[in-house]
Amino acid sequence: MSIGQRWLMGMLLPAVFWGAPAITKMKPLGGLRGAAVRMELSGSELANVVGADFDTPEIRWQRTLSASSRQVEGEIVIGAGAGLGPHLMTLRTLDGHAETMLFYVGQFPAVPDTEPNDTPSKAQPIPALPAEIYGEIGAVEDSDYFAFDVQAGERLNFELRAYEYGSQLEAKLHLYDAGGHRVAFNDDSSDFDDNPALTHRFAAAGRYFAHVDLYRGPRAYGARVNNSYVLRISRLPALHHLSRLGAAPGATVRFTVGGEGLDGASGGMLTQARRAEYFRMTYPTTIPIAAEATRPQLLRGEIVRRQADQIEMEFRLPAGMPPGLWRLSVAGKAGVAEGGLFEIAPAAEFGEGTELDARGAGEIAVNGILAAPREKDAYRLRVKAGQPLHIWTLSAQLGQPELDTVIELRSLDGKLLQESDDAVTGIASLGNADSSLFYTPAADEVLLLTLRDRQNRGGPAYAYRLRLRPESPRFQLWTLPENLTISRGGSAELTVQMAREPGFEKEEVSVWVEGIPGMAEPPRARFRADQAWEPGADLLQQITPEVQIPLRIPAGVAPGQYTIRVLGVAAKEEQQPGRRIIEAHANLKRGPLNGLFNYTRRPLAAVTLSVVEPMTAELKTEMTALEVPAGGAARLRLGLTNVPGGSPVVLRGLPETVAWRQVASSPQSVEFELVASPALAGKSFSFTAEASIRGRWTASREVQLKVDVAPASAPTESRGVR
């Protein structure tokens with residue numbers, strides 16, 4: 001008996017025979033509005049896909065082309081009326097919902113990345129511009145070159161969408177001329193956006209190259225995992241910053257948009273922001289999170305002044321305009337350019353230098369700008385004894401590129417009472433560079449509130465929105481996983497994490513779950529008073545309080561999707577009639593710092609609980625790795641548990657040049673022979689064995705197949721590794 005045919009000693013390694021579906025990579029990241037896209041999703045437990053849900057009816061999962069435990073291919077149809085930019089997509093399977101992904105809708109012809117294109121001599125030609133290139137960095141040593149032709153004096157805008165758009169890629173973008181000289185480069189488009197972007201005017205006509213490369217520092221772990229991207233090359237204007245970041249409903253507002261190539265702009269739009277369009281959501285967040293409209297409203301504005309580097313726009317805001325975040329866009333002959341976010345809030349609006357009176361019950365908003373280096377804006381602030389006050393800024397969270405605010409609250413004689421640098425501590429683009437502080441005055445008095453940039457910078461890109469509201473510090477909650485799956489009669493744990501706002505320390509918090517089917521009493525848990533929310537020593541790790549709430553689903557509950565709510569209250573307020581109940585966010589998290597706290601997040605509408613039929617069938621394999629000589633054969637044996645006779649068992653994930661056949665079977669086991677083509681010498685693949693049980697697939701654990709370079713000496717010999 002050959003080594004590959006033996007049952008190895010010890011316990012058989014069990015299959016992950018049932019679990020929630022998970023997606024590790026989506027390729028491409030989206031497609032052209034009005035077109036059909038062939039989508040490939042990689043991950044685990046994906047064989048039982050039934051469709052996908054999007055945040056708009058304009059995008060739909062048309063059909064499933066193929067499905068296995070590790071990969072799904074499907075066709076997605078993007079309607080002509082779909083909003084440009086990122087959308088939310090959730091895959092539905094018989095095993096529950098997968099985590100939400102970001103699906104990008106573009107406006108220019110889609111060009112797939114074609115390998116090999118990792119050197120200038122092999123550069124992929126882009127025959128016509130504008131274009132949106134959907135590519136992937138498939139390995140640490142990989143990079144992509146694209147060739148295009150320009151006329152003398154032509155200006156092109158290059159924007160790479162990856163990090164924050166569903167990919168782990170932290171990229172670098174180079175432009176080279178035909179002689180190999182670098183003419184432009186960008187790593188991060190701003191202090192808070194790690195996606196590279198640049199605008200370049202070409203002095204000479206000819207052929208040029210765009211080079212998409214991978215950051216290869218300590219965070220470049222995502223290669224071969226999820227390094228998809230969209231590179232948009234267009235003649236769109238580049239929108240850099242706004243001079244005003246918000247207004248109240250019913251106002252007529254003017255503000256300046258700064259950037260490049262704006263002399264061709266013909267109009268502006270404010271559109272209700274989809275949840276997929278939030279720039280930066282970190283905890284504790286101060287960004288206004290509003291309910292998402294299925295069909296977002298659109299408001300058109302007028303351009304009253306126009307030049308190449310800036311335009312002045314005017315919007316008449318309806319009195320009934322929904323509060324929350326609105327996305328600014330600028331349209332012209334070249335297409336639609338997306339800009340930053342604009343806050344609509346029912347607050348009393350003031351300008352710079354105004355004396356602010358915070359003794360009332362309403363909200364206050366100030367639109368300001370640090371117009372010059374070392375500028376510090378100061379406000380006299382009237383406060384009321386015993387009335388708590390929350391003061392925060394919005395700038396980085398709205399997509400402004402530079403400002404890192406510091407706010408200080410002092411007495412008129414100069415004594416520092418309270419200060420805030422970052423709402424969430426971080427480095428560079430990590431964390432939340434906006435500020436947030438809480439203060440409760442001991443007496444009626446006038447205080448001095450000052451605002452500056454942490455590095456004392458200033459200029460037209462340093463706009464801020466200062467917000468004040470009478471409220472005490474509390475806490476914020478979010479859940480893991482985003483979509484929870486439990487079988488009928490089964491159980492699982494829901495993780496709830498908490499961020500304490502400054503001033504809410506050493507207090508217990510009670511949390512509970514409402515809406516669990518078949519459970520009359522909501523399951524509960526409690527955060528201890530000593531569970532702190534604080535940064536680690538390296539400012540990348542975060543000590544995050546969390547509790548696990550055990551959930552059990554009675555066997556009589558019908559399979560389906562259920563919306564559940566996770567609620568919390570400060571323990572000392574639990575029995576008070578006026579208690580303040582906090583609802584947990586569900587959210588998706590994206591970004592290259594996997595395992596660290598500074599994720600880029602998007603808020604979701606609710607926590608979804610999927611109740612599914614239990615799966616008791618198992619496929620067990622003794623091997624996690626299998627070696628086969630080039631041109632030779634190996635055998636793989638699997639143990640079967642609760643697999644009905646006659647159920648098809650197949651191998652999935654192997655290339656067509658690996659032939660396989662079933663050579664033996666019994667109620668307790670099945671054995672396969674695999675034969676690798678000589679052309680595969682030196683290559684490796686991963687695959688699974690899968691069985692269909694009454695129309696529902698279950699899979700073995702993943703097996704790695706390595707094809708040896710040496711030719712086969714005995715066709716039946718193979719080596720297995722536990």
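**Strands, cores and salt bridges in a predicted model**

Glu 355 is partly exposed, with a relative accessible area of 36%; buried denotes a value under 20%, exposed one over 50%, and partly exposed the range in between, for a 1.4 Å probe and protein chains only. The structure is a predicted model, in which local features need pLDDT of at least 70 and side-chain atom pairs count only at pLDDT 80 or more, whereas totals for chains, interfaces and linings use all residues. Residues are numbered from 1 along each chain as its sequence is written, and side-chain values use heavy atoms, with hydrogens and water left out.

The side chain of Glu 355 forms a salt bridge with that of Arg 380, at 3.0 Å from N to O; a salt bridge is a side-chain nitrogen of Lys or Arg within 4 Å of a carboxyl oxygen of Asp or Glu. Because Glu 355 belongs to the loop between strand E28 (348–350) and E29, and Arg 380 to strand E31, the pair ties together parts that are 25 residues apart in sequence. Helices (H or I, at least four residues) and strands (E, at least two) are DSSP runs, numbered from the N terminus. Arg 380 also counts as partly exposed, at 38% relative accessibility.

Strand E29 (residues 356–357) pairs with E31 in the parallel sense over two bridges, pairing being assigned if DSSP finds at least two bridges between two strands. In this arrangement Leu 356 stands opposite Leu 381. Strand E36 (residues 445–453) runs antiparallel to E31 and is joined to E31 by seven bridges, with Arg 382 opposite Val 446.

Arg 327 and Glu 277 meet through their side chains in a salt bridge (3.3 Å, N to O). Since Arg 327 lies in strand E26 and Glu 277 in the loop between E23 and E24, this pair ties together parts that are 50 residues apart in sequence. Both Arg 327 and Glu 277 are buried.

The largest nonpolar core contains 36 residues, of which Phe 255, Leu 270, Met 313, Phe 315 and Leu 317 touch the most other members. Such a core is a set of buried Ala, Val, Leu, Ile, Met, Phe, Trp, Tyr and Cys residues joined through side-chain atoms within 4.5 Å. Elements giving two or more residues to this core include strand E22 (252–260), strand E25 (310–316) and strand E32 (389–394). Another core, of 33 residues, lies apart from it and has Val 511, Ile 516, Phe 527 and Ile 582 among its members.

A further open sheet has five strands in the order E10-E12-E19-E14-E17, also with mixed pairing. Strand E10 (110–112) and strand E17 (197–201) are at the edges, each with a single partner strand, so one side of each is left without a neighbour in the sheet. Strand E12 (residues 131–136) and strand E19 (residues 228–234) run antiparallel and are joined by six bridges, in which Glu 136 is partnered by Ser 228 of E19. Glu 136 also meets Lys 25 in a salt bridge between side chains (2.5 Å, N to O). As Glu 136 lies in strand E12 and Lys 25 in strand E1 (residues 22–27), the pair ties together parts that are 111 residues apart in sequence. Glu 136 is buried at 11% relative accessible area, and Lys 25 is buried at 14%.

Ser 167, in strand E14 (residues 155–167), is buried with a relative accessible area of 1%. Its contacts (heavy atoms within 4.5 Å) include Leu 29, Asn 226 and Ser 228, not counting residues up to four places away in sequence.
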